[in-house]
Amino acid sequence: MTTILGVETSCDETSAAVLEARGDAVTLRSLVILSQDVHRVFGGVVPEIASRAHLTAIVPVVARALGDARITVEALDAVAVTHAPGLVGALLVGLSFGKAYAFARGIPVVGVHHMEGHLFATALEHPDAVPPFTALLVSGGHTMLLDVEAWGRYRLLGATRDDAAGEAFDKVAKLLGLPYPGGPSLERLARAGTPERHRFTRPMLRANQRPDDPEYYDVSFSGLKTAVARWVEKHEGTVPVADVCASFQEAVVDVLTAKAVRAACERGMDVLLLGGGVAANSRLRALAEERCTAAGLTLRVPRPGLCTDNGAMVAALGAHLVAAGAKPSPLDLPADSSLPVTQVLVG
Ligand code: KG4
Ligand code: ZN
């Protein structure tokens with residue numbers, strides 16, 4: 001049995017988890033997630049403040065994760081930590097901590113890719129959520145459709161041409177005056193709204209698209225954000241904000257689910273997996289379920305608390321890498337703000 005500490009500090013969550021692994025069978029022993037509320041004052045994540053908040057939180061968060069798992073540090077066999085992508089200062093806090101912690105205990109440290117980590121969150125609860133599958137990863141910084149033939153073999157089918165899905169939620173929330181974090185605030189209001197109130201054009205989604213169309217799997221949200229801004233300007237004060245939220249949310253989830261289901265069917269997959277913070281969105285989950293059922297696909301999606309950033313997914317990926325015989329990371333492994341997930345492609 002291997003006991004792994006997972007550490008995640010790539011954006012505005014300081015998180016640590018303890019995981020026990022026997023081969024690929026994993027048991028989550030603890031998970032602590034400290035969301036940095038301080039950014040609420042600024043209406044968005046301020047990188048320098050995020051780094052400082054991680055610095056204050058990292059030691060107590062890890063101590064709490066060990067305590068909740070009822071283990072002491074001597075029981076750890078390895079440390080897994082996110083080294084890319086994300087805010088470089090924020091990444092550096094977790095990465096430096098992970099390296100020092102592992103070095104002091106004489107155990108390996110494994111640097112992991114944050115987006116690859118999101119792929120591993122589902123398997124924590126659904127042991128059958130293993131490749132091959134099609135994955136839709138939707139977070140604050142990324143939106144991508146991946147063909148996952150096996151763990152470590154990721155083919156990028158499509159991505160956003162501009163804003164990530166979470167970024168679009170956050171920007172639209174901000175223009176509507178909703179509090180940070182924007183995505184969850186917008187979803188809460190959308191529940192009381194009528195999505196049929198206004199049908200926004202679905203960016204890059206047309207019925208007659210063919211696989212050789214360059215827009216077949218790609219998405220784009222910045223035009224949609226502008227369309228919301230124009231519509232709000234035009235109808236200032238006369239349209240309930242809840243209806244704007246519901247109409248915008250419907251456009252985003254319509255495009256995302258249509259493209260993801262399209263990709264899974266086209267690639268002959270049986271399973272579609274969702275991951276990343278936006279996968280916590282209940283309308284996205286419901287529409288994905290509906291469309292997967294209609295297409296004969298099985299949908300796998302983590303519980304909302306494991307969709308957003310957390311140390312458990314980092315520990316799960318670390319455990320997999322250790323079991324697969326991956327070499328420990330060198331102590332000079334850098335933090336990388338923009339490493340693409342396909343760069344971890346093996347073979
Ligand atoms: O994966 P994640 O926690 O952090 C990154 O890796 O970026 O994703 C955060 C993003 C934010 O943009 C946040 O607004 C969005 O996910 N998000 C949501 C919801 N929960 C988080 N967007 C829509 N609906 C939600 N319920
Ligand atoms: Zn994330």
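Q: What makes a stretch of this predicted model a strand or a helix?
A: Strands are DSSP runs of E with at least two residues, and helices are runs of H or I with at least four. On that basis β4 spans 78–84 and α2 spans 88–105, and proline 85 lies in the loop between them.

Q: What makes the peptide bond between alanine 84 and proline 85 cis?
A: Its omega is about -20 degrees. There is also a cis bond from proline 131 to proline 132, with omega near 5 degrees; proline 132 is placed in the loop between α3 and β6 (133–138).

Q: Why is the pair formed by aspartate 170 and ligand 1 called a polar contact?
A: A polar contact needs N or O atoms within 3.5 Å. A polar side-chain atom of aspartate 170 lies 2.6 Å from an oxygen atom of ligand 1, so the pair qualifies. Backbone polar atoms also take part: that of glycine 140 is 2.8 Å from a ligand 1 oxygen, and that of glycine 277 is 3.0 Å from one. Of the 550 Å² of accessible area that ligand 1 has on its own, the protein covers 89%.

Q: How do you know that ligand 1 sits in a pocket?
A: The test asks for more than half of its atoms to lie within 2 Å of the pocket's grid points. Ligand 1 sits in the largest pocket, so it passes that test.

Q: What makes up the shell around ligand 1, by class?
A: Four nonpolar, 11 polar and three charged residues.

Methods: Residues are numbered from 1 along each chain as its sequence is written. Chains are lettered from A and ligands numbered from 1 in the order in which they are written. This is a predicted model: local features need pLDDT of at least 70, side-chain atom pairs count only at pLDDT 80 or more; totals for chains, interfaces and linings use all residues. Side-chain values use heavy atoms; hydrogens and water are left out. A polar contact is a pair of N or O atoms within 3.5 Å; within protein, one must be able to donate a hydrogen and the other to accept it, and residues adjacent in sequence count only if both atoms are side-chain atoms. Accessible areas come from the Shrake-Rupley method with a 1.4 Å probe; for residues, only the protein chains shown count as cover. On a 1 Å grid over the protein atoms alone, a cavity is a set of points where a 1.4 Å probe fits but cannot get out, and a pocket is an open set with protein on both sides within 12 Å along at least five of seven lines; lining residues have an atom within 4 Å of a point. Ala, Val, Leu, Ile, Met, Phe, Trp, Tyr, Cys and Pro count as nonpolar, Asp, Glu, Lys and Arg as charged, and the others, Gly among them, as polar.
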